[in-house]
Amino acid sequence: MKLQVALDLLTVEAALDLAGKVAEHVDIIELGTPLIKAEGLSAVTAIKEAHPTKIVFADMKTMDAGELEADIAFKAGADLVSVLGTADDSTIAGAVKAAQAHNKGIVVDLIGVEDKVTRAKEARALGAKFVEFHAGLDEQAKPGFDLRGLLNAGEQARVPFSVAGGVNSSTIEAVQLAGADVAVAGSAIYSAADPEVAAKELKAAIQ
């Protein structure tokens, strides 16, 4: 299982600083949607140039114009680009077309999707490299949120998948046991007293 760090920051400087501390211990560096909206895709280019051997994930959360938006992100240096699972099939297919042209990959984010298992299978059939079972920050803040729901859906879908939302040192073992291909850690790393130590410990917890 790969470890992905989500850089949910607002400046390129902060992202480069954090990436520099944790890159050794992660496989995928994700530029969060707020960062891309605040700084543009130049942030993707900066991270890729600083860490050329790492997989760089532009969390675009594309909802329309899939081929165009994915193409722009791939040209900026992204290796993976996200499209929302709630988007039309044609949007996902268009993004996949751009990915194939660049020999890169599309991740379909299932945030907000009611029937995640069915949509995960559909997204994979449309050409997604993997799907992301994702609970956003707002959903995680609701009383009673439980990561188990995402893990159960991932187990049932039987497609390559990542898990994002509540991944930390106490849950990463369950994420791996569920069969996830990628564990996405955000605040567990960037809000830690020592992000490098936090990333190292998460990576060590992956068997």
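## The largest pocket

The largest pocket holds about 540 Å³ of space. Keep in mind as you explore that this is a predicted model.

Several elements contribute at least two lining residues each: the helices α2 (33-39), α7 (137-140) and α10 (187-190), together with the strands β3 (55-62), β6 (130-134) and β8 (182-185). The biggest contribution comes from α7, with four residues. Sorted by class, this lining is made of 11 nonpolar, 10 polar and seven charged residues.

## The second largest pocket

Next comes a pocket with a volume of about 180 Å³. Its lining is formed by K2, I28, I55, D79, L80, K104, G105, K129, F130, P160, D181 and V182. Here the classes split into six nonpolar, one polar and five charged residues.

## The nonpolar cores

In soluble globular proteins, nonpolar side chains tend to be buried together. In this model, the largest nonpolar core has 66 residues, and V44, V81, I106, V131, F133 and V163 touch the most other members.

Leaving aside residues up to four places away in sequence, F133 touches L110, K116, A120, L150, A153, G154, A157, F161, S162, V163 and A164. A164 also belongs to a second, separate core of nine residues, which includes F57, V107 and V182 as well.

Methods: Residues are numbered from 1 along each chain as its sequence is written. This is a predicted model: local features need pLDDT of at least 70, side-chain atom pairs count only at pLDDT 80 or more; totals for chains, interfaces and linings use all residues. Side-chain values use heavy atoms; hydrogens and water are left out. On a 1 Å grid over the protein atoms alone, a cavity is a set of points where a 1.4 Å probe fits but cannot get out, and a pocket is an open set with protein on both sides within 12 Å along at least five of seven lines; lining residues have an atom within 4 Å of a point. Grid points are joined across faces, edges and corners, and a volume is the space filled by probe spheres set on the points. Ala, Val, Leu, Ile, Met, Phe, Trp, Tyr, Cys and Pro count as nonpolar, Asp, Glu, Lys and Arg as charged, and the others, Gly among them, as polar. A nonpolar core is a set of buried Ala, Val, Leu, Ile, Met, Phe, Trp, Tyr and Cys residues joined through side-chain atoms within 4.5 Å. Buried means under 20% relative accessible area, exposed over 50%, partly exposed in between (1.4 Å probe, protein chains only). Contact means heavy atoms within 4.5 Å.
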